[in-house]
Amino acid sequence: LVRPVLEDILKGTRIRDMLLDSGDTLWLATNAGVLSYSLKSHAARWHRDTNSTEGLASDTAHSLFEDSRGTLWLGTASRKHGEHVQKTPDDTGLHRYEPSFGRFERVRGLGLAPDNAAVIDIREDRHRNLWLATDRGVYRLDGTQGPAAYIPLSTKEAYSAKKMAFDASGKLWVNIPQRGLWTLAAGQSGPEPGSKTVANTLARFS
């Protein structure tokens, strides 16, 4: 029997992604923030944009990911800048959950794009590097540290990326809206540590 749950808390919000972490907490990325719900205590809590350096950059949450170290990552839209909010290059949509403070904190110094970038998907390769699919393309973090390295298309065109996956060999697969499926072979995953540029490019899958 399939039945709706948490209706009194979600109140019709759109769920974009979900994750059940190693501590039996259900995380829901929605168009109204992130909801955490403990399956043990049944305690629910919303995490939302606070128009400050704390909280989410935007309530439009796209992607949740728990890496091999147990760290929870969140990708959101870039900040919606109001008249009282100053625009900065660091207002990207990547967040790290800090359990000791019980909140998401924005990851600074990534340099994802000349303008702010929305983080739509997050993945980790077998070398524990973090990969971000954004509305400005795919980026790779050396471990979990910035600055991020941009992965261009073989055609050199600007693009946005929606979803990513790594296969057993370490090959990266990327869904690019209106352009189909693109790949990056294992062993061609980007720069040497500390480098900001890459020679390798995403190639169209055929």
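Tyr150 counts as partly exposed in this predicted model, at 28% relative accessibility, whereas Tyr139 is buried, with a relative accessible area of 6%. The two rings form a tilted pair, because their centres lie 5.4 Å apart and their planes stand at 55°. This pair links distant parts of the chain, with Tyr139 in strand β11 (residues 137-142) and Tyr150 in strand β12, eleven residues apart.

**The four-stranded sheet**
- Strands β11 and β12 belong to an open sheet of four strands, which follow the order β9-β10-β11-β12 with antiparallel pairing.
- At the edges are β9 (119-124) and β12 (145-151), each of which pairs on one side only, and neighbouring strands of the sheet are turned by 25° against each other on average, direction ignored.
- Five bridges join β9 to the antiparallel strand β10 (residues 130-134), and Glu124 has Leu130 in β10 as its bridge partner.

**The β3-β4 hairpin**
- Strand β3 (residues 33-38) pairs with strand β4 (residues 44-47) in the antiparallel sense over four bridges, with Ser36 standing opposite Arg45 in β4.
- Five residues lie between the two strands of this hairpin, and His42 in the turn has a positive phi of about 65°.

**Other aromatic contacts**
- Seven aromatic pairs are found in the whole structure, and ring pairs link Trp27, Tyr97 and Phe104 into a cluster.
- Arg48 lies over the face of Trp46, at 4.2 Å from the ring centre, while Arg103 lies over the face of Phe101, at 4.8 Å from the ring centre.

Methods: Residues numbered from 1 in each chain as written. Predicted model: local features only at pLDDT ≥ 70, side-chain atom pairs only at ≥ 80, totals over all residues. Heavy atoms only, no water. Pairing = 2+ DSSP bridges. Axes fitted to C-alpha atoms, helices over the stretch in contact; angles between N-to-C directions. Phe/Tyr/Trp six-rings, centres within 6.5 Å; stacked < 30°, edge-to-face > 60°. Buried < 20%, exposed > 50% of the residue type's maximum accessible area, 1.4 Å probe, protein only. Lys NZ or Arg CZ within 6 Å of the ring centre and 35° of its normal.
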